Amino acid sequence: MAFWNTPGNQDPKRNFRFKVLFTGIMGTETHVWWAKKINKPNFTVAEGKHVYLGHTFYYPGKLEWQAISMTLVDPVTPGALKAINETIENSGYDGAPEAPGDVITMNKPKSTAALGNVQILQIDGDGNNTEQWTLFNPFIKKVAFSDLDYENDDLSTIDLELRYDWAKCETFSNGGNLESTFFAGT
């Protein structure tokens, strides 16, 4: 019998059931963004190599989290373009200083505060969490706005690349009950 037909089991996870939460964009309240596409956090483990008497031995090294990218729909209301631009300004970017001595630059405390907490929620058919990723100290690394094209009927989008220090993954079962937590990078 297939795993999804076993009594008591839920439907398998579906790639189209997810949402993204931001707490820093557009003020202090949590803002839900129904993104078009997103990469889940990934990591690599470095390796150390030791050669001894004609044999090679490998040892696990540091764990490094990879940057993620997401494609967000760019609605008119709320003003997504405005929100992203304000987030970059709140990160410390000043594209038009009034005097040379007024130059400020982006820094990590401002950048992570401007973006706030970022969570990626994978949900089931009833809207319950099946998986929740929380990014720690995220900041915007890259922004790309969709191209305009008279022959394209797609929705306008904003592509973001986020860098973060580490992530936490929580898995849920049976209508949202916490099942396990993977927390690496502290």
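1. Arginine 17 counts as buried because its relative accessibility is 18%; buried means under 20% relative accessible area, exposed over 50%, and partly exposed in between (1.4 Å probe, protein chains only). This is a predicted model, in which local features need pLDDT of at least 70, side-chain atom pairs count only at pLDDT 80 or more, and totals for chains, interfaces and linings use all residues. Residues are numbered from 1 along each chain as its sequence is written, and side-chain values use heavy atoms, with hydrogens and water left out.

2. Arginine 17 lies in the segment before strand 1; helices (H or I, at least four residues) and strands (E, at least two) are DSSP runs numbered from the N terminus. Leaving aside residues up to four places away in sequence, arginine 17 touches Asp11, Leu121, Gln122, Ile123, Asp124 and Gly125, where contact means heavy atoms within 4.5 Å.

3. In helix 1 (residues 80-90), Ala80, Ala83, Ile84, Thr87 and Ile88 are buried. They lie on the same side of helix 1 because they cover an arc of only 135° around the axis, taken from the directions from the helix axis to the C-beta atoms. Exposed Lys82, Glu89 and Asn90 sit on the face turned away from the buried side. Glycine 92, with a positive phi near 120°, follows helix 1.

4. The largest nonpolar core has 28 residues, of which Phe22, Ile68, Met70 and Leu162 touch the most other members. Such a core is a set of buried Ala, Val, Leu, Ile, Met, Phe, Trp, Tyr and Cys residues joined through side-chain atoms within 4.5 Å. Helix 1 gives the largest share of this core, 4 residues.
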